[in-house]
Amino acid sequence: MKKEVVEVPVLSAAVRALGVPLSLVTRGAGLVFVSGTPPLDISTGRLVKGDIEVQTEASLQALKHCLEAAGTSLENVVMVRVYAVNSGFYNAINRVYARHFPENPPSRTFVPVASWPMEFDIEIECVAVA
């Protein structure tokens, strides 16, 4: 089976406009892979500004939007990686994250990072069953 690039409404075009060489979502071998997703507004493709809880909510909404474009959902997520610019955000991120994965949450890794070339504090990636 070959990989398939999934076009995500609004967000794929926003990423292309930035000139970033990636596909937001690819599907292959029965799995869906969602690239690290910053806090993007799913209706405009613009970065959402705000505190870490606002950014986490926007990032998870964008992740959900990407999964739905690929024909799957948060319920089918098996692995998540959360990248944040400050390990002190851990508890605030968890408060928001727990609302999106209230039961049987997927495996997850939390990774503190130095920074990104754009103004956001969190990026979330995942793997889901197609």
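Modeller: Let us begin with Arg 95 and Glu 53, which form a salt bridge whose closest N and O atoms are 2.8 Å apart. Please keep in mind that this is a predicted model, in which local features need pLDDT of at least 70 and side-chain atom pairs count only at pLDDT 80 or more, while totals for chains, interfaces and linings use all residues. Residues are numbered from 1 along each chain as its sequence is written, and side-chain values use heavy atoms, with hydrogens and water left out.

Biologist: Why is the pair of Arg 95 and Glu 53 called a salt bridge?

Modeller: The term asks for a side-chain nitrogen of Lys or Arg within 4 Å of a carboxyl oxygen of Asp or Glu, and the N and O atoms of Arg 95 and Glu 53 are 2.8 Å apart, so the pair qualifies.

Biologist: What makes this pair a tie between parts that are apart in sequence?

Modeller: Arg 95 lies in helix 3 (residues 90–100) and Glu 53 in helix 2, so the pair ties together parts that are 42 residues apart in sequence. Helices (H or I, at least four residues) and strands (E, at least two) are DSSP runs, numbered from the N terminus.

Biologist: How do you know whether Glu 53 is buried, partly exposed or exposed?

Modeller: Buried means under 20% relative accessible area, exposed means over 50%, and partly exposed is in between, with a 1.4 Å probe and protein chains only. Glu 53 has 28%, so Glu 53 is partly exposed, and Arg 95, with 46%, is partly exposed as well.

Biologist: What about Lys 49 and Glu 119, and why do they count as a salt bridge?

Modeller: Their closest N and O atoms are 3.6 Å apart, which is within the 4 Å limit, so this pair is a salt bridge too. Lys 49 counts as exposed at 52% relative accessibility, and Glu 119 counts as exposed at 64%.

Biologist: Which residues of helix 3 are buried, and what makes them lie on one side?

Modeller: The buried residues are Ala 92, Ile 93, Val 96, Tyr 97 and His 100. They cover an arc of only 130 degrees around the axis, taken from the directions from the helix axis to the C-beta atoms, so they sit on the same side of helix 3. The face turned away from that buried side carries the exposed residues Asn 91 and Arg 99.

Biologist: What covers the buried residues of helix 3?

Modeller: The cover includes helix 2, strand 4, strand 5 and strand 6.

Note on methods
Contact means heavy atoms within 4.5 Å.
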